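Please work through the exercises below with the sequence and the model side by side, trying each task before reading its solution.

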Amino acid sequence: MKIINSLLLLFGIFVCVQSAIPNEFFYLRQMGPSDCIGNKCTVPSWYRQFAVHVFSARNDTYVPTNCDSNYPFSLDEIQSLVPDLSLEWPDFWNFDAPEGFWKTNWEKHGTCLLETLQNEYNYFETTLILKTYLDVEEMMIENKIFPSNTTSYSYDQYDNAIIRHTLKKPTIHCTKWGNKIALHEFGFCFNKQLQLIDCSENLREIEEVECGDKSSIYMIQLSQ
Ligand SMILES: *[C@@H]1O[C@H](CO)[C@@H](O)[C@H](O)[C@H]1NC(C)=O
Ligand SMILES: *[C@@H]1O[C@H](CO)[C@@H](O)[C@H](O)[C@H]1NC(C)=O
């Protein structure tokens with residue numbers, strides 16, 4: 001409930017913000033453990049959830065980057081968020097030292113949302129709030145989709161699980177897993193008032209190309 005209240009508060013504030021960012025929408029991507037396939041991940045075995053990958057401004061085809069070099073990353077500014085960020089926005093390749101990943105995200109993407117989010121603290125806090133509000137694990141469980149290396153689900157099952165909960169269309173990205181296909185990432189689209197909106201069919205198609213014929217997609221289970 002606290003989360004929802006803060007979210008409404010944020011929305012309330014942001015509705016008033018005039019924005020001239022030359023980008024159409026904001027995009028939050030959450031990636032799952034399949035990101036570790038073929039990579040040297042340092043994700044501990046207890047970590048089972050989808051994590052924030054990127055929160056950026058974008059339109060269907062273009063993601064603006066490095067928009068303000070005069071606002072370097074400051075760990076001090078987000079010190080109070082570090083415990084939550086460590087869990088929700090970890091670096092899969094360097095789980096115990098995610099600061100570098102946060103720095104990259106701030107400089108590359110966060111600085112492009114300054115007009116709406118004003119400062120680094122707001123960028124990271126807003127990402128955390130949106131991520132918590134969009135609890136992918138919960139949406140999957142509600143629809144009886146469980147991480148498994150032996151049971152697969154269709155693209156539509158994942159898609160519908162999200163849509164039933166949010167009433168908005170996400171993007172779904174897949175990745176190769178041997179000769180099978182694994183779910184990689186869910187993407188959520190927001191307008192500049194940070195209200196969830198349908199991702200466009202164009203972006204959905206761009207993101208889904210690696211999902212094959214969409215009939216059999218695994219949500220990989222890291223460990224027992
Ligand atoms: C996305 O933004 C870029 C850069 O502003 C622009 O060139 C492109 O036409 C835009 N694409 C769409 C689909 O609006
Ligand atoms: C599932 O597959 C992944 C990727 O190949 C592997 O790392 C993981 O250990 C497997 N999980 C189980 C429970 O066997």
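**Exercise 1. A residue of the core**

Which residues does Phe 26 touch, not counting residues up to four places away in sequence?

*Solution.* The model is a predicted one, in which local features need pLDDT of at least 70 and side-chain atom pairs count only at pLDDT 80 or more, whereas totals for chains, interfaces and linings use all residues. Residues are numbered from 1 along each chain as its sequence is written, and chains are lettered from A and ligands numbered from 1 in the order in which they are written.

Begin with the term itself: two residues are in contact if their C-beta atoms, placed from the backbone, lie within 7 Å. By that criterion Phe 26 touches Ala 57, Leu 113, Phe 190, Lys 192 and Leu 194. Next, look at the pairing of strands, where helices (H or I, at least four residues) and strands (E, at least two) are DSSP runs numbered from the N terminus, and two strands pair if DSSP finds at least two bridges between them. S1 and S2 pair in the antiparallel sense over seven bridges, and Ala 57 in S2 is the bridge partner of Phe 26.

A residue is buried if 20 or more other C-beta atoms lie within 10 Å of its own, exposed if 12 or fewer, and partly exposed in between, with C-beta atoms placed from the backbone. A nonpolar core is a set of buried Ala, Val, Leu, Ile, Met, Phe, Trp, Tyr and Cys residues joined through C-beta atoms within 7 Å. The largest such core has 45 residues, and Phe 26, Tyr 158, Cys 174 and Ile 217 are those with the most contacts inside it. Among the elements that each supply at least two residues of this core are strand S1 (25-31), strand S2 (51-58), helix H3 (99-108), helix H7 (155-166), strand S4 (171-177) and strand S5 (180-190), and the largest share, seven residues, comes from S5.

**Exercise 2. Two faces of a helix**

Which residues of H7 are buried, and which exposed residues does the face turned away from its buried side carry?

*Solution.* First check the geometry of the helix, whose expected span is 1.5 Å times one less than its number of residues. For the 12 residues of H7 this should give 16 Å, and the end C-alpha atoms are 17 Å apart, which agrees. Then list the buried residues of H7, which are Tyr 158, Ala 161 and Ile 162. Seen down the axis, they fall within an arc of 90 degrees (that of the directions from the helix axis to the C-beta atoms), so they line one face of H7. The general rule is that an α-helix has 3.6 residues a turn, so residues three or four places apart point the same way.

The face turned away from the buried side of H7 carries the exposed residues Asp 156 and Arg 164. The cover over the buried residues of H7 includes H6, strand S3 (152-153), S4, S5 and S7. H7 is followed by Leu 167, whose phi is positive, near 65 degrees.

**Exercise 3. A hairpin**

How many bridges join S4 to S5, and how many residues lie between the two strands?

*Solution.* S4 and S5 run antiparallel and are joined by seven bridges, with Thr 175 standing opposite Ala 182 in S5. The two strands form a hairpin with two residues between them, and Gly 178 in the turn has a positive phi of about 60 degrees.

**Exercise 4. Loop residues and confidence**

Is Val 43 buried, exposed or partly exposed, and over which residues does pLDDT stay under 50?

*Solution.* Val 43 is found in the loop between S1 and S2, and it counts as partly exposed because it has 19 C-beta neighbours inside 10 Å. Val 43 and Phe 92 are 49 residues apart along the chain, yet their C-alpha atoms are separated by 5.5 Å. The loop between S2 and helix H2 (82-88) holds Asn 66, a residue other than glycine with a positive phi near 45 degrees, and Asn 66 counts as exposed because it has 10 C-beta neighbours inside 10 Å.

For the second part, recall that pLDDT is the predictor's confidence in each residue, from 0 to 100. The protein averages a pLDDT of 89, and 89% of the residues score at least 70. pLDDT stays under 50 over residues 1-5, for which the model has three contacts beyond four places in sequence, and likewise over residues 11-20, for which it has 12 such contacts.
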